[in-house]
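Work through the exercises below with the sequence and the structure open beside you, and try each task before you read its solution.

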Amino acid sequence: MFVLVNLKAYPCDPVAVAEAAADVAVDTEATVAVAPQAADLARVADTGVTTYAQHVSPNGHGSHTGSTLAESVADNGAVGTLLNHSEARRKLADIDGSLDAAARADLDTVVCANNPEQVAAAAALGPDAVAVEPPELIGTGTPVSQADPDIVEDAVAAAEAIDPSVDVYCGAGISTGEDVVAAEELGASGVLLASGVAKADDPRAALEDLVAPLD
């Protein structure tokens with residue numbers, strides 16, 4: 001299983017979370033990755049944890065003030081990027097452009113989608129993975145695998161029908177090891193979460209609980 005912790009813009013210590021994630025990953029069969037703010041990418045990557053950007057822009061070098069260049073992300077230690085999170089939605093053309101930019105920088109890509117129909121559209125663009133995340137469940141502590149497991153199963157089927165090589169991750173409300181196991185049983189090969197770790201009083205303990213059933 002792939003576990004991607006999105007730190008969003010939460011007031012947590014990104015290095016401490018990254019160090020905990022790197023340590024926890026050593027003791028499990030899961031890959032634990034962290035997606036910090038762009039300004040923290042290098043510090044997080046220096047911990048040795050698998051590091052993802054929260055976004056990359058669809059353009060290359062040039063007059064693009066405010067852009068997050070895929071090349072810069074890679075130069076600062078990231079090996080992958082999220083795209084189209086529900087808090088940073090993009091048009092399909094822009095997602096496609098960001099995928100091209102990520103490919104130039106040799107970054108793995110995870111495109112977020114709200115439902116199975118959007119999963120199919122995202123999978124058609126050729127990312128490495130898609131993550132199904134109903135926005136109404138994000139941050140609630142109620143996982144989609146519990147609230148509406150059909151969404152996960154249908155998302156897996158939708159991606160499979162378009163491109164079997166595209167992995168499907170389960171997001172929204174993931175916070176416990178039981179949630180990870182449920183996502184795996186529904187066909188997901190990874191999970192995407194944020195507040196369950198980033199807002200935890202003890203991020204290391206939260207991560208240990210998350211991956212414990214995977215030992």
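**Exercise 1.** In this predicted model, in which loop does E133 lie?

Solution. Find β6, which covers 129-132, and then α6, which covers 144-147; E133 lies in the loop between these two elements.

**Exercise 2.** Determine where the residues that UniProt lists for "active site" are placed, and whether they are buried or exposed.

Solution. Begin with the record: in an unreviewed entry, UniProt lists H85 and E133 under "active site". Although they span 49 residues in sequence, no two of their C-alpha atoms are more than 8.5 Å apart, so they gather at one spot. Finally, look at the side chains of E133 and H85, which are joined by a polar contact of 3.5 Å.

**Exercise 3.** Examine the backbone angle phi of K8 and of N84, and describe the setting of each residue.

Solution. K8, which is not glycine, has a positive phi near 45°, and its place is in the loop between β1 (2-6) and α1 (14-26). With a relative accessible area of 9%, K8 is buried. N84, also a residue other than glycine, has a positive phi near 65°. This residue, N84, is found in the loop between β4 and α4, and at 6% relative accessibility N84 counts as buried.

Terms used
Residues are numbered from 1 along each chain as its sequence is written. This is a predicted model: local features need pLDDT of at least 70, side-chain atom pairs count only at pLDDT 80 or more; totals for chains, interfaces and linings use all residues. Side-chain values use heavy atoms; hydrogens and water are left out. UniProt positions are given in the numbering used here, feature names are shortened, and annotations may be inferred rather than shown by experiment. Helices (H or I, at least four residues) and strands (E, at least two) are DSSP runs, numbered from the N terminus. A polar contact is a pair of N or O atoms within 3.5 Å; within protein, one must be able to donate a hydrogen and the other to accept it, and residues adjacent in sequence count only if both atoms are side-chain atoms. Buried means under 20% relative accessible area, exposed over 50%, partly exposed in between (1.4 Å probe, protein chains only).
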